[in-house]
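Visitor: Please bring the model up on screen. I will then ask about it piece by piece.

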Amino acid sequence: MANHASNQFKNGLKVMIDGDPCSMVDVEFVKPGKGQAFTRVKLRNLLTGRIWERTFKSNESVEGADVMDTDMEYSYFDGELWYFMDPNTFEQFGADANAVGDTKKWLKEQDKVMVTLFNGNPISVTPGNFVELEVAETDPGLKGDTAQGGSKPAILTTGAMVRVPLFINQGETLKIDTRTGEYVSRA
Amino acid sequence: MTDWQPTAPIENLRRRGEILAQIRQFFARRDVLEVDVPLMSHCAVSDPFIDSIEVAYRAFPEAAAETLYLQTSPEYALKRLLCAGSGPVYQLGKAFRNGESGRRHNPEFTMLEWYRPGLDEQQLMDEVAELVMPILAVDKVERLSYQQVFERYLGLNPHTTSLEALKTETRRHVELAMDDDDRDSWLNLLMSHVIEPQLAELRAVFVCDYPASQAALAQVREDASGRLVATRFELFVNGIELANGYYELTDAVEQARRLAADQRQRAELGLPQRPLETRLVDALAAGMPDCAGVALGVDRLVMLALGAEHIDQVIALPFERA
């Protein structure tokens, strides 16, 4: 992989730090009144999720990481791995629980997700901002209560638990914002 | 595409315009002359850590290009005017610095720089405070020495602490792989990463009496304890560096020595050798009045006045859209 000099750093750049692939979350140029400039970077370790800060001298460079974000379709779960397919190459990738993380509760077959590959292996899976999932279980809906007023828990077919308005019934399909885990509307 | 649009809201540009007018009124009332020195020069700044933007000048379209430099500050030119008897002068205009781009930097930025014959740096700090207090709605500006801020926020003396101890202290606060045997690099890291953010609690503060090694174009004199310090100050507001001023060096021989030292350091660091402004040395040899001078980042002043988080919010068309 190419090396990146600190003056080419930008948000989203993927680099290797201490052997792990990391993504730059925030890049700040620091220049004292007199003296050399520094680049202060907030990094996210793509394997562990840890976010921390490191400072680089202006002429320092770091190795790029072979990390690719690829749009894929979720195929199935075999009890151990979650399988995703690249719709362009039809290639299948198996991701373990570590890579799938919390995203598993939003995975519905054939849904589009973004799979991050490091040296060709999935290291994280990001769902679309919105998913449409069916309610598997919730208390019966209250007739007439269609506008404001309380909420209740609902379990979706993927196992995710979300708060929904009282008028929602079992079997309905809902639109959920995966970034907040909140109910948006009926689908 | 929306990148034809300014990044700064029009309301911010209106406030910016008002602040520029306020600055000009301030100097008009005090009989400081506004001048308009060149932005493009045959010489470049000597400071190894400031990179001038090169421009190619041609006498006619097919001629070989002559390299000129966009000014990183009007300092050299303004000092030549002072030596020619201009009296107090200021420039409110553009300056350019290669590679300086970020939340608080735009490679082309607006700088206010002024010189006051007969004032020392303490008196100039008074004037800087009088200019910025009404713009920023601040009612006082504290004054602390470089040593005091290091003692207050890190419990160490920046002048006497060993290089190794500075490295250890820095690595306690900042993760970094680099090494360096220049004390100033470590002091700068501690200042920018640890102290500056905490200076925000004071709202507005002048830090003065910098280490002699960070004098740039300031005079060096003994402080109360007999240590050599630079007669240099910086103004920080909300932890953001806003202005940098000196009781100016007027000694031509020392000026020539510092230019040569910068050029040597550039060579050691593998940085480009650029033509030095020897006309400044000639001007000082002809006689520069004792004076204090200061440069202030106007974009940052507007950011602070408006509470803007990013410089793009106060510059109509920043670098990427220029």
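Visitor: Is A:Lys14 buried or exposed, and at what relative accessible area?
Guide: Buried means under 20% relative accessible area, exposed over 50% and partly exposed in between (1.4 Å probe, protein chains only). A:Lys14 is buried, its relative accessible area being 18%.

Visitor: What kind of model is this, and what pLDDT must side-chain atom pairs have in order to count?
Guide: Residues are numbered from 1 along each chain as its sequence is written, chains are lettered from A and ligands numbered from 1 in the order in which they are written, and side-chain values use heavy atoms, with hydrogens and water left out. This is a predicted model, in which totals for chains, interfaces and linings use all residues, local features need pLDDT of at least 70, and side-chain atom pairs count only at pLDDT 80 or more.

Visitor: How many residues apart in sequence are the parts that A:Asp69 and A:Lys14 tie together?
Guide: A:Asp69 is partly exposed, at 40% relative accessible area. The side chains of A:Asp69 and A:Lys14 form a salt bridge (a side-chain nitrogen of Lys or Arg within 4 Å of a carboxyl oxygen of Asp or Glu), with the closest N and O atoms 3.7 Å apart. A:Asp69 lies in strand E7 (residues 67-77) of chain A and A:Lys14 in strand E2 (residues 14-17) of chain A, so the sequence separation of the parts tied together is 55 residues.

Visitor: How many salt bridges does the structure hold over all chains?
Guide: One group is a network of salt bridges linking B:Glu11, B:Arg14, B:Arg15 and B:Glu18. Over all chains the number of salt bridges is 36.

Visitor: What is the N to O distance between B:Arg221 and B:Glu121?
Guide: B:Arg221 counts as partly exposed at 33% relative accessibility, and B:Glu121 counts as buried at 3%. Their side chains meet in a salt bridge, and the N to O distance is 2.8 Å.

Visitor: What does the pair B:Arg103 and A:Glu28 join?
Guide: B:Arg103 is partly exposed at 26% relative accessibility, while A:Glu28 is buried at 16%. The two form a salt bridge, the closest N and O atoms being 3.7 Å apart. B:Arg103 lies in the loop between strands E5 (89-96) and E6 (108-117) of chain B and A:Glu28 in strand E3 (residues 20-30) of chain A, so what the pair joins is two chains.

Visitor: How much area is buried between chain B and chain A?
Guide: The contact (heavy atoms within 4.5 Å) takes 28 residues from chain B and 19 residues from chain A. Buried area is the accessible area (1.4 Å probe) that two parts lose on being put together, summed over both. Carbon and sulfur atoms give 50% of the area buried between chain B and chain A, which is about 2,100 Å².

Visitor: Which element gives the most to the side of chain B that touches chain A?
Guide: Between the two chains there are 4 salt bridges. Helix H6 (183-199), strand E10 (228-237) and strand E11 (240-247) of chain B are the elements that give two or more residues to the side touching chain A; helices (H or I, at least four residues) and strands (E, at least two) are DSSP runs, numbered from the N terminus. With 5 residues, the element that gives the most is H6(B).

Visitor: What is the C-alpha separation of B:Leu119 and B:Cys291?
Guide: B:Leu119 is placed in the loop between E6 and H3 of chain B and counts as partly exposed at 22% relative accessibility. Apart from neighbours within four places in sequence, B:Leu119 is in contact with B:Leu124, B:Tyr247, B:Cys291 and B:Ala292. B:Leu119 and B:Cys291 are 172 residues apart along the chain, and their C-alpha atoms are separated by 5.4 Å.
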